[in-house]
Amino acid sequence: MNAADFDAYLGSCRDLVLQEIRSLVPPTRRPGDVLPELVLDYPMRAAKGLRPALCIATCRAYGGSLEGVLRSAAALELYHNAFLIHDDVEDGSETRRGHDTLHAVHGMPIAINVGDAMLALALQPLLDNTRLVGLGKALRILDLVAWMARESTAGQAIELEWIRAHRFDLRDTDYVRMVYKKTSCYTF
């Protein structure tokens with residue numbers, strides 16, 4: 001597969017997953033109800049969509065259906081974007097994907113709430129898996145997602161502790177351990 005084909009595959013998967021995410025976000029029902037719009041902010045920003053594409057490719061490689069994996073890929077993308085929102089707050093980042101961060105525009109309390117809402121929203125597609133792939137597989141997926149979330153937050157805690165303690169005496173193995181937990185667990 002050449003680079004153009006790979007980019008096209010990523011784009012195709014991203015489009016499918018964003019459609020799934022849009023279907024999960026409840027429409028705005030009242031004036032001033034900004035949560036649905038804010039939940040869609042980070043996922044709709046230009047991005048590669050590597051994590052959901054890997055999820056889809058892995059499922060398809062093992063004979064699974066596209067319908068059977070899309071909800072899980074959407075949940076993974078919601079987790080990823082929720083982690084990004086929280087990471088931006090924790091790091092004091094001002095931009096993400098070429099735009100101002102959510103907390104820079106709306107304040108930290110709203111950004112944290114949006115990240116929390118995304119984590120809550122990600123539960124529904126995982127529950128929908130009971131209907132789509134059966135109870136046993138759905139529970140295994142849920143167990144894996146729970147492990148991924150624990151590992152990712154543990155990796156973030158390691159990094160935050162280094163920052164708090166002004167640690168600069170780290171070895172490559174320290175960094176690899178942190179990145180494995182924080183990023184690799186929910187990417188691969």
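## Exercises on a predicted helical chain

Helix H2 (residues 35-44) has these buried residues: Pro36, Leu38, Val39, Leu40, Tyr42 and Pro43. Here, buried means under 20% relative accessible area, exposed means over 50%, and partly exposed is what falls in between (1.4 Å probe, protein chains only). Helices (H or I, at least four residues) and strands (E, at least two) are DSSP runs, numbered from the N terminus.

Before you start: this is a predicted model, in which local features need pLDDT of at least 70 and side-chain atom pairs count only at pLDDT 80 or more, while totals for chains, interfaces and linings use all residues. Residues are numbered from 1 along each chain as its sequence is written, and side-chain values use heavy atoms, with hydrogens and water left out.

**Exercise 1.** Find what covers the buried residues of H2.

*Solution.* Start from the buried set, which includes Leu38 and Tyr42. Next, look for what sits over that set: the cover includes helix H1 (3-24), H4, strand S1 (95-96), helix H5 (102-106) and helix H6 (108-121).

**Exercise 2.** How many helices and strands does the protein chain have, and what pattern do they follow along the sequence?

*Solution.* Count the elements: there are nine helices and two strands. Now read along the sequence, and you get α-α-α-α-β-β-α-α-α-α-α. The radius of gyration (taken over C-alpha atoms) is 17 Å, close to the 16 Å from the globule rule for 188 residues, so the chain is as compact as a globular protein of that length. That rule is 2.2 Å times the number of residues to the power 0.38. Finally, for the outline, the C-alpha atoms fill a box of roughly 50 × 50 × 35 Å along the principal axes.

**Exercise 3.** Work out what share of the protein chain is buried, and what its accessible surface comes to.

*Solution.* Of the 188 residues, 41% count as buried. The accessible surface is about 10,700 Å², and 59% of that belongs to carbon and sulfur atoms. These areas come from the Shrake-Rupley method with a 1.4 Å probe; for residues, only the protein chains shown count as cover. Then turn to charge: there are 21 positive and 24 negative side chains, with the centres of the two sets 5 Å apart. Lys and Arg count as positive and Asp and Glu as negative, while His and the chain ends are left out. Each charge is placed at NZ of Lys, CZ of Arg, CG of Asp or CD of Glu.

**Exercise 4.** Where is H9 kinked, and what do its buried residues pack against?

*Solution.* Now pick out the buried residues of H9: Asp174, Met178, Lys181, Lys182, Cys185, Tyr186 and Thr187. They pack against helix H3 (50-61), helix H4 (66-91) and H8. Contact means heavy atoms within 4.5 Å.

**Exercise 5.** Is Gln156 buried or exposed, and which residues does Gln156 touch?

*Solution.* Locate Gln156 in helix H8. Its relative accessibility is 9%, so Gln156 counts as buried. Skip residues up to four places away in sequence, and Gln156 touches Asp87, Glu90, Asp91 and Lys182. Lys182 also belongs to the buried residues of H9.

**Exercise 6.** Are His166 and Arg171 buried or exposed?

*Solution.* Then check accessibility: His166 has 59% and counts as exposed, and Arg171, at 55%, counts as exposed. For the backbone, phi of His166 is near 55 degrees, a positive value in a residue other than glycine.
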